[in-house]
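Trainee: Could you take one part of this model and look at it closely, then follow it out to the rest of the chain?

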Amino acid sequence: MRKVGIIGLGHVGATVAFTLFTHGIADELVLIDKNPKKAQAEFNDLSDTLARNDFHVKLKAQDFSDLRDLDVLITAFGNIKASVESGDRFAEFGFNSDAAKEVGQQIKDSGFHGIIINVANPCDAVTTILQKVTGLPQNHVFGTGTFLDTARMQRAVGDHLHQDPRNVSGFVLGEHGNSQFVAWSTVSVNNKPATSLLDEATRAQLMQATKDNAFVVAAGKGYTSYAIATCAVRLAQAVFADAKLFAPVSVFVPSVGTYVGYPAIIGADGVEEVIPLELTAAEDTEFRKSAQIIKEHVDQLF
């Protein structure tokens, strides 16, 4: 059986649960939220769907002991309002660092020994805290990181060049936050280098659009949910299928000593390999600066 838990049933966590449930990706779902009424409500709403759903899914709610035998645990707790109002995901750091310590200890106490995929922001810092508190191997704890930001870059570049975003390859690296950057040396469109298709000014505009789109969405609906939930589900699928998915996630990179958005291979054992990139000198500098911002915040706690 494919067993998945979700901690944090806000807009993102609930969307992840609904996607897993309706697409037949999980055989068992454990739903946990700091608000027991919210967890019970999501449990009841999904349960009422069973008679019409294409797949049968076993549901459980609000018991950390149920985490023990899970394969994948997705953490999506947080205070999105802080990020939206400030335009900075590190605005959630105070709230979520405490939450991550508490949740991490509860996960550890449950006996959970599977794979954690973290969504909670600031993603890289919270992923670090969860790994340290749970004591799980670094490759068994990773975050969505710049997987979403890379998708936003693919969309922005694709729109500009009238291409399907899936025709755009390459990476956004660094913090899932304000210091992220597009590594243009890695970006290509239909196998043509983006640097040959886009001038410097256009690249700068597209990189800014990549950073801004989360807040454009949040300004209209108060939060983001579909894109980030899709990323979390895709990563969970990669674990279940041992897909060897090549994707930029929040992974521990020894050369900078922190979790940070960087490409890795995701399979049944979590992060199975971190793939080195040949960045330009300027890109390498940007990457190290971004990693240092994450590290400085985390070092306050440990």
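**A helix and its surroundings**

Mentor: Helix α6 has these buried residues: Phe147, Leu148, Asp149, Thr150, Arg152, Met153, Ala156, Val157 and Gly158. Buried means under 20% relative accessible area, exposed means over 50%, and partly exposed lies in between (1.4 Å probe, protein chains only). Helices (H or I, at least four residues) and strands (E, at least two) are DSSP runs, numbered from the N terminus. The model is predicted, so local features need pLDDT of at least 70 and side-chain atom pairs count only at pLDDT 80 or more, while totals for chains, interfaces and linings use all residues. Residues are numbered from 1 along each chain as its sequence is written, and side-chain values use heavy atoms, with hydrogens and water left out.

The cover over the buried residues of α6 includes strands β7 (168–173), β8 (181–189) and β10 (245–253), together with helices α8 (200–221) and α9 (226–241). Contact here means heavy atoms within 4.5 Å. Helix α6 has 15 residues, 147–161, and at 1.5 Å a residue they should span 21 Å; the end C-alpha atoms are 21 Å apart, so the two values agree. The expected span is 1.5 Å times one less than the number of residues. After α6 comes His162, with a positive phi near 60°.

The loop between β8 and β9 (192–193) holds Asn191, which is not a glycine but has a positive phi near 70°. Asn191 is exposed, because its relative accessible area is 73%. In the loop between α9 and β10 is Lys244, also not a glycine, with a positive phi of about 55°. Lys244 counts as partly exposed because its relative accessible area is 41%.

Thr127 is buried, because its relative accessible area is 0%. Neighbours within four places aside, Thr127 is in contact with Asn118, Val141, Phe142, Gly143, Ser250 and Tyr259. The loop between β5 (115–118) and α5 holds Pro122, and the peptide bond from Asn121 to Pro122 is cis, with omega near -10°.

One of these contacts of Thr127, Phe142, is among the residues with the most contacts inside the largest nonpolar core; the others are Val16, Leu20, Leu29, Ile74, Ile266 and Phe287. That core has 57 residues, and α9 gives the most to it, with nine. A nonpolar core is a set of buried Ala, Val, Leu, Ile, Met, Phe, Trp, Tyr and Cys residues joined through side-chain atoms within 4.5 Å. A second, separate core has 21 residues, including Ala100, Val126, Ile129 and Leu136. In soluble globular proteins, nonpolar side chains tend to be buried together.

β1 pairs in the parallel sense with β2 (residues 28–32) over five bridges, and Lys3 stands opposite Glu28. Two strands pair if DSSP finds at least two bridges between them. β1 also runs parallel to β4 (residues 72–75), joined by four bridges, with Ile6 partnered by Ile74.
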